[in-house]
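Open the model in your viewer and keep the selection tool at hand. Each stop below tells you what to pick and what is there.

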Amino acid sequence: MGKFKKPKKAKTLEEIVQGQAKEDVKEQKRLEEIGIDPMTAVNAARLQAIFKDVDVFVTHLLTFPNAKNDARMPEGAVFFLDDLVNEMILDQHVIRPLLEMGPESFLGHVEDQVITAKKLMPVDNLKTMIEMITAGCAVVHVDYMPYAVAVVTPNLPTRSVSEPEAEQLVRGPREGFTEKLQDNTGLIRKRLRTPDLKSEVIKIGHRSRTVVCFMYICDLVEEDVLNTLRKRLKEIDLDVLLESAELEELIQDSVYSPFPQILSTERPDKVVSGLAEGRVAVIVDGTPFVLLIPAVFYDFLQASEDYYQRFYFPSAVRLLRIITFLTALLGPSLYVAITTFHQELIPTPLLLTVISARVGVPFPALIEALIMEISFEILREAGVRLPRPVGSAVSIVGALVVGQAAVEAGIISQAMVIVVAFTGIASFTIPAFNLAMVTRLLRFPMMIVAASLGIYGISIALVALGIHMCSLRTFGVPYMSPVAPAHPRSWISELLVLPFSLRKSRPDYLQKKDLKRMDVASNPPEQEGGTHE
């Protein structure tokens with residue numbers, strides 16, 4: 001006779017849930033490998049273990065009064081982070097329809113027949129469920145469902161659309177990008193109402209899961225540029241991505257070059273103009289600065305307002321910007337070189353004035369220039385970091401007081417104060433702030449070269465700088481296009497602003513798919529009342 005075995009005690013639901021959670025921890029499964037359990041209690045236990053000590057994580061359990069009286073009444077739950085969801089949408093379009101309908105009528109069809117929210121997404125693994133919750137969605141699951149449903153109910157804090165502070169215009173659109181990705185893409189699509197405008201989304205950052213969207217016009221963009229961008233974005237491996245400047249450094253061609261290779265802007269009209277030329281716009285969620293790829297050197301010397309004025313004035317201003325860029329880069333260096341080595345280049349009356357101004361100054365021209373440049377940079381940085389009402393007063397009054405006191409003390413000559421002040425003002429005319437920073441940085445080694453070798457050293461430094469700039473590539477496009485290599489069809493329109501009727505072609509160094517922009521008659525139409533044959 002066989003030995004009597006005591007029957008095993010049936011496990012309760014709580015024991016099943018705890019056992020399943022322990023098994024997941026013991027096996028240390030990857031989140032994407034853990035599917036959605038048919039029992040809501042198991043999914044709730046997993047999420048509560050993952051969101052442990054997160055006080056805003058809410059598990060809203062559901063019991064259905066309309067459910068049939070089975071052996072075990074089915075249960076459901078809604079999972080969300082309380083500070084990220086819109087309570088009104090959650091209550092009216094998710095929780096209330098679930099409680100009114102009851103589970104027996106919609107198992108397997110909850111997203112089609114019950115929930116009335118407009119944006120739904122099925123979820124089939126634990127990793128996606130966590131991503132949806134942290135993105136501001138509410139995730140719904142009911143017993144016996146093989147998957148969960150993520151309902152987009154975001155209530156993320158954001159600011160309204162306002163005028164860009166870094167790129168202000170006298171005439172032109174006043175709208176600027178915000179920190180919200182959907183607002184930024186909407187501002188672009190509002191201006192480009194075509195199905196040819198495509199967008200792709202990728203998430204970067206193991207912890208931040210920052211959403212990065214890049215947009216392009218499919219029949220204008222070069223496939224090589226697009227494929228290179230996709231490859232570089234997919235190869236990024238970092239923990240947290242906060243701003244588009246970090247992404248810019250990760251995807252640009254030459255990291256150690258001081259020159260900016262990717263254009264950033266807050267203006268939707270500038271992005272739309274770039275897209276219409278065959279560029280790609282990269283939008284990072286959480287920042288109002290959008291990247292334009294590819295970008296060449298002359299793009300950083302152009303402003304959106306150039307195309308909103310009569311072409312005479314913007315053409316003159318563009319030439320002036322090139323002059324002021326060279327002035328901001330070489331102003332103090334030329335003064336140091338001429339006063340130290342090449343006094344014969346100065347007319348005699350002016351030379352006597354400079355010599356008399358430098359009488360009693362104890363420092364050579366290089367030390368004098370370094371003192372003034374460093375003081376100017378300190379005042380400029382202080383004006384930026386201080387509160388806005390105080391910052392402008394500190395930078396202006398500080399420069400006047402320090403400059404006048406240094407001249408009266410005999411430490412600095414009047415001519416050096418004029419040179420440094422004019423150089424600083426010239427750097428303010430550069431539209432791109434990152435290019436202006438490059439001129440401020442390169443100004444110091446140029447002064448050292450000028451004090452060592454004079455104008456000959458400046459010439460060598462400029463040749464080396466030109467070779468470096470011509471060797472740069474930005475997503476396969478030469479950085480000095482359309483001048484080097486020469487693109488006669490485009491270089492005039494880049495250096496000058498042509499009349500609107502002559503802007504018939506797109507830059508041929510960016511793409512060659514569709515160069516024809518429009519077909520407008522070059523001559524104005526004949527006015528009424530004119531002579532007729």
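**Stop 1: confidence**

This is a predicted model, so start by colouring the chain by pLDDT. The protein chain averages 84. A score of at least 70 is reached by 86% of the residues.

Now select residues 280–284. This is strand E9, where confidence is highest, at a mean of 97. Next select residues 13–27, helix H1. Confidence is lowest here, with a mean of 51. Then go to residues 4–11, where the pLDDT is below 50. Beyond near neighbours in sequence, this stretch has two contacts in the model. Where pLDDT is low, the predicted coordinates should not be read in detail.

**Stop 2: the second largest pocket**

Select Ala135, Leu156, Gln182, Val211 and Asp285. Of the 43 residues that line the second largest pocket, these lie nearest its centre. The space in this pocket comes to about 1,500 Å³.

Which elements give two or more residues to the lining? Show three helices: H3 (87–101), H5 (126–134) and H6 (181–191). H5 gives the most, with five residues.

Colour the lining by class. You will find 19 nonpolar, twelve polar and twelve charged residues.

**Stop 3: an enclosed space**

Rolling a probe the size of a water molecule over the atoms shows where empty space is left. The structure holds one cavity of 30 Å³ or more. The volume of the largest cavity is about 60 Å³.

At least two lining residues come from each of H10 and H16. The lining divides into four nonpolar residues, one polar and two charged.

**Stop 4: charged pairs**

Side chains of opposite charge can pair when their charged atoms come close. The count of salt bridges in this model comes to 23. Visit a few of them.

Select Asp91 and Arg96. Their side chains meet in a salt bridge, 3.2 Å from N to O. Asp91 is partly exposed, at 34% relative accessible area. Arg96 is also partly exposed, at 43%.

Move to Asp269 and Arg267. Are these two buried or exposed? Asp269 counts as buried, at 8% relative accessibility. Arg267 is buried too, at 1%. They form a salt bridge, and the closest N and O atoms are 3.2 Å apart.

Next, pick Arg321 and Asp306. This salt bridge spans 3.0 Å, N to O. Arg321 sits in helix H10 (residues 312–340), while Asp306 is in the loop between strand E10 (290–293) and H10, so the pair ties together parts that are 15 residues apart in sequence. Arg321 is buried, at 9% relative accessible area. Asp306 is buried as well, at 4%.

Finish this stop with a group. Select Glu373, Glu377, Arg380, Arg440 and Arg443. Salt bridges that share partners join them into one network.

**Stop 5: cis peptide bonds**

Return to the loop between E10 and H10, where Pro294 lies. The peptide bond from Ile293 to Pro294 is cis, with omega near -10°.

Now jump to the loop between strand E12 (477–478) and helix H16 (488–495). Pro485 is placed here. The bond to Pro485 from Ala484 is cis, and its omega is near 0°.

**Stop 6: positive phi**

Where does Asp53 lie? Look in the loop between helix H2 (40–50) and strand E1 (57–63). Asp53 has a positive phi of about 65°, although it is not a glycine. Asp53 is exposed, with a relative accessible area of 75%.

Find it in the loop between strand E4 (137–142) and E5. Tyr144 is not a glycine either, yet its phi is positive, at about 80°. With 45% relative accessibility, Tyr144 counts as partly exposed.

Key: Residues numbered from 1 in each chain as written. Heavy atoms only, no water. 1 Å grid on protein atoms, 1.4 Å probe; cavity = no way out; pocket = protein on both sides within 12 Å on 5 of 7 lines; lining within 4 Å. Points joined across faces, edges and corners; volume = space filled by probe spheres on them. Helix = DSSP H or I, 4+ residues; strand = E, 2+ residues; numbered from the N terminus. Nonpolar A, V, L, I, M, F, W, Y, C, P; charged D, E, K, R; others polar. pLDDT = per-residue confidence, 0-100. Contact = heavy atoms within 4.5 Å. Salt bridge = Lys/Arg side-chain N within 4 Å of Asp/Glu carboxyl O. Buried < 20%, exposed > 50% of the residue type's maximum accessible area, 1.4 Å probe, protein only.
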